[in-house]
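Here is a short tour of one protein model. Keep the sequence and the 3D view side by side as you read.

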Amino acid sequence: MQHNPGFLQLVEQARQRVKECTVADVQARLARGEQFHFIDVREDHEFWIDHAAGARHLGKGIIERDIETVVPDKQAHIVLYCGGGYRSILVADALQQMGYGNVQSMQGGMRALRDAGFPLEKDKSI
């Protein structure tokens, strides 16, 4: 996907304030049994097609509204992903501004998950 310059500039500014992780980091955390919230911030229709096994869906359009209900502990560990790692950077930045202290954006997003052979699920409600 070709991204517009203004969007890329916004993402790069946010990237300076956000911690990132890789799919390998997520896989290692899961293998160690670490507890964290794994959240897909893509649009509904993207999540319905497929998503990381065990991921919860809170789209970019509603996450700021709903995150405090879903994850009330602002020190909880949260890993966010989107399609390619751009939208999740913006969401991580917003959550940090809301006081969440352990938020990471996963580099490469869903593309990286697929490339790594990460277990995927389809939405069972459709």
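## The largest pocket

The largest pocket has a volume of about 190 Å³. A pocket is found on a 1 Å grid over the protein atoms alone: it is an open set of points where a 1.4 Å probe fits, with protein on both sides within 12 Å along at least five of seven lines. Grid points are joined across faces, edges and corners, and the volume is the space filled by probe spheres set on the points. This is a predicted model, in which local features need pLDDT of at least 70 and side-chain atom pairs count only at pLDDT 80 or more, while totals for chains, interfaces and linings use all residues. Residues are numbered from 1 along each chain as its sequence is written, and side-chain values use heavy atoms, with hydrogens and water left out.

Which residues line the largest pocket? They are Met-1, His-3, Phe-7, Glu-46, Cys-82, Gly-83, Gly-84, Tyr-86, Arg-87 and Arg-111. Lining residues have an atom within 4 Å of a point. The lining divides into 4 nonpolar, 3 polar and 3 charged residues. Here Ala, Val, Leu, Ile, Met, Phe, Trp, Tyr, Cys and Pro count as nonpolar, Asp, Glu, Lys and Arg as charged, and the others, Gly among them, as polar.

Arg-111 belongs to helix α6 (residues 109-115). Helices (H or I, at least four residues) and strands (E, at least two) are DSSP runs, numbered from the N terminus. Arg-111 has 45% relative accessibility, so it counts as partly exposed. The scale is this: buried is under 20% relative accessible area, exposed is over 50%, and partly exposed is in between (1.4 Å probe, protein chains only).

Not counting residues up to four places away in sequence, Arg-111 touches Gly-83 and Gly-84. Contact means heavy atoms within 4.5 Å. Arg-111 and Gly-85 are 26 residues apart in sequence, yet 8.9 Å apart in space, C-alpha to C-alpha.

## The sheet

In what order do the strands of the open sheet run? The order of its 5 strands is β1-β6-β5-β2-β4, with parallel pairing. β1 (19-21) and β4 (56-57) stand at the edges with a single partner strand each, so one side of each has no neighbour in the sheet. Two strands pair if DSSP finds at least two bridges between them.

Now walk across the sheet. β1 and β6 pair over 3 bridges, and Lys-19 stands opposite Gln-104 in β6. β5 and β6 (residues 103-106) also pair over 3 bridges. There, Leu-80 has Ser-105 as its bridge partner, and Val-79 has Gln-104. β2 and β5 pair over 4 bridges, with Asp-40 partnered by Tyr-81. β2 (residues 37-40) and β4 pair over 2 bridges, where Ile-39 is partnered by Arg-56.

β5 is covered on both faces. Ile-78 and Leu-80 are buried on one side, Val-79 and Tyr-81 on the other.

In soluble globular proteins, nonpolar side chains tend to be buried together. A nonpolar core is a set of buried Ala, Val, Leu, Ile, Met, Phe, Trp, Tyr and Cys residues joined through side-chain atoms within 4.5 Å. The largest one here has 20 residues, and Ile-39, Ile-63, Ile-67, Leu-80 and Leu-95 have the most contacts inside it. The elements giving two or more residues are α1 (5-15), α4 (63-70), β5 (78-81) and α5 (87-97). The largest share, 5 residues, comes from α5. Apart from this core lies another, of 13 residues, among them Val-23, Phe-36, Ala-52 and Met-110.

Beyond its neighbours within four places in sequence, Ile-63 is in contact with Ile-39, Val-41, Leu-58, Leu-80, Val-91 and Leu-95. Val-41 sits in the loop between β2 and α3 (44-49). Val-41 has 0% relative accessibility, so it counts as buried.

Is Arg-29 buried or exposed? Arg-29, in helix α2 (residues 23-31), counts as buried because its relative accessibility is 10%.

Asp-93 is in helix α5. Asp-93 has 8% relative accessibility, so it counts as buried. Not counting residues up to four places away in sequence, Asp-93 touches Ala-14, Arg-17 and Val-18.
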